[in-house]
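Trainee: Could you take me through this model by question and answer, with the criteria stated as we go?

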Amino acid sequence: MNQRPITPGENPSQVRADSVPFYPILDPYELGDLHDHRSDVPLELRHQLSEADYVIHIVTPEIQTPQLRPSAIREILRLTNAPRTNEIGHHGGSVASLASSENRGVESLRKFETLHSRDALEIALKLQQHYPDLLRTTIVSLAQTQGLKNETYTPDRPFHQEEPGRIMLLDRDEDDPIGQKFSDKLNWGWPFYGSIDATPTFISATVQYTREHDASFLDTPYSGQDKQSHTVREALDLSTNWLLCKLDENKEGLLEFNNTARSGGMDSQAWKDSAFAYLHADGSRANHKNGIASVEVQALAYDALLDRADLCMHQARSGEADELRDRAVRLRRQIIESFWIDDPVKGDYFALATDRGPDGAARALKVRSSNMGHLLQSRLLETNDTDTQHMRDAVVKQLFSPELLHHSGIRTLASDEAGFRPGGYHTGSVWLWDTARIADGLERHNYHHLAWNLRERIWHTVEETRKFPEFVRGGDSRSVEISQSEVYVWNTEHHLLHLFEQPPQEIQGWTVSAILAAKYAYPSYVVQKNRLPTNQLEQSILNRLSEKDQSR
């Protein structure tokens, strides 16, 4: 992107919806003369802007409230292109999101109508007990586009960031205008492999499906990127090798993402993939130039190593199993060393991530975020030794603190952190899938009442919005709030164009699968919901929440 000075103008009127360039805006200069529209944003939002931020575009699309009550079954059929429930998984994996029928004409609500590996795997894993075919077809679809070569970056040519064994992030059709725009402006090639977490998730998903649904699954054939015949076993082996190589490449033995494109590409390659998702305690942006290791990604890598080891043992490959388990033990030790923060003021917690300082040494991003909640769903915190119990309880306390707990779920960033913004995409908003994953982790450790407390918050949010929103605002309002405007900001310090705020996707597949899985699980909860918690910490948190509700 060519840089030139941006001169603040004289309070231009807000850009009308019908004059918006074709979504998405990836180059600020397609807007013509650039002026600072800071005066046009609400005062609360204006105070969140730094001196380096220029508001170069604002638009508020006309978004209708759907007439029909939300139905998870109806939407999972649409997301999976299945005419009936017994065909879910027969027509490919789930697309990431859709717009409602009332808002099909709103381009900004149709960003991800395509197979997105991270989303598709999460949806399929969440629903595998009821729709195992969806998990099967998702795994095979991703194997078909699995990376097979080490691609060299060449300026001015589409760059896929392909590596042997790596699972793609997403693919787009060559005729897709959005895909063409990403290729032209960010140099993305299709399929695009800019994800650090899809591959370990693919490993665990493949092992789970083989173990729980079809012991012969590894022999399933498919046609790969090279148009040759392969089996799922080969795809699993390739992905495992990719994971081991990535861990070996890292000085600390962590799974770190790094944008290998010198121009374009994608800086943030975990689920929190926005430009300013990774930040330090003072609110400054993390150093993306030398690699970032996100805490929940390490848990995914740990689980993938153990899942693969379990499968090796089942296949009488004990030597490989022992080696993988040893790698997992070393990784767990490093995770605790790198991410665990003893803080007498904030309380103990796991840091969001690590980045690297000027000397190349890893340093923790010491902020409290929802990411640490994902560790509850991992095997990482399963043991019952005193240290692990303390870490597990500390995470639960943080998640249900006033700073992270919101009436819609868990905030992506604690409200007292310097970088918190109520409408920030990953820095204050509440993502319903994120909260659902944390609820699953709580249930894994027998915090049943707290798990269902979070699920009820998700249900309430879906009912109130009449949608399955990607996220909602994480502010102090007692009502559910959704961001209405797209606010594009050019940051002159980092030379980044990014969406400072945006409306959420309406029918987010992650949210749909979270609601559907909770509804299927609810009868089992009814059996025990009137039983008192056996965990003293859980009881104390429930008492505090009850007192808070009564005081309103």
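Trainee: Is Arg327 buried or exposed, and what is its relative accessible area?

Mentor: This is a predicted model, in which local features need pLDDT of at least 70 and side-chain atom pairs count only at pLDDT 80 or more, while totals for chains, interfaces and linings use all residues. Residues are numbered from 1 along each chain as its sequence is written, and side-chain values use heavy atoms, with hydrogens and water left out. Buried means under 20% relative accessible area, exposed over 50%, and partly exposed in between (1.4 Å probe, protein chains only). By that criterion Arg327 is buried, its relative accessible area being 12%.

Trainee: In which helix is Arg327 found, and with which residues is Arg327 in contact, leaving aside its neighbours within four places in sequence?

Mentor: Helices (H or I, at least four residues) and strands (E, at least two) are DSSP runs numbered from the N terminus, and Arg327 belongs to helix H9, residues 318-339. Contact means heavy atoms within 4.5 Å. With neighbours within four places in sequence left aside, the contacts of Arg327 are Leu244, Leu247, Asp248 and Leu305.

Trainee: How many disulfides does the count come to, and why is there no bond at the sulfur of Cys245?

Mentor: A disulfide is taken here as a pair of cysteine sulfur atoms within 2.5 Å. The closest cysteine sulfur to that of Cys245 lies in Cys312, and because the separation is 16 Å, it is too far for a bond. Cys245 is partly exposed at 44% relative accessibility, whereas Cys312 is buried with a relative accessible area of 1%. The count of disulfides is therefore zero.

Trainee: How do H6 and H7 pack, and at what angle?

Mentor: Axes are lines fitted to C-alpha atoms, for helices over the stretch in contact, and angles run from 0 to 180 degrees between N-to-C directions. Angles under 35 degrees count as roughly parallel, over 145 as roughly antiparallel, 65 to 115 as roughly perpendicular and the rest as oblique, and H6 and H7 are therefore oblique to each other. Helix H6 (residues 198-212) and helix H7 (residues 232-249) have axes 9 Å apart, at an angle of about 140°.

Trainee: Into which classes do the residues of the contact of H6 with H7 divide?

Mentor: The residues that meet include Phe202 and Ile203 in H6, and Leu236 and Trp242 in H7. Ala, Val, Leu, Ile, Met, Phe, Trp, Tyr, Cys and Pro count as nonpolar, Asp, Glu, Lys and Arg as charged, and the others, Gly among them, as polar. On that basis the contact of H6 with H7 divides into nine nonpolar, four polar and no charged residues.

Trainee: What is the orientation of H11 and H12 to each other?

Mentor: The axes of helix H11 (residues 432-444) and helix H12 (residues 448-465) come within 7 Å and cross at roughly 160°. H11 and H12 are therefore roughly antiparallel to each other.

Trainee: Which peptide bond is cis, and what is its omega?

Mentor: Pro191 sits in the loop between helix H5 (177-186) and H6. The cis peptide bond joins Trp190 and Pro191, with omega about -5°.

Trainee: What is phi of Asn187?

Mentor: Asn187 also has its place in the loop between H5 and H6, and is buried with a relative accessible area of 13%. Its phi is a positive value in a residue other than glycine, near 70°.
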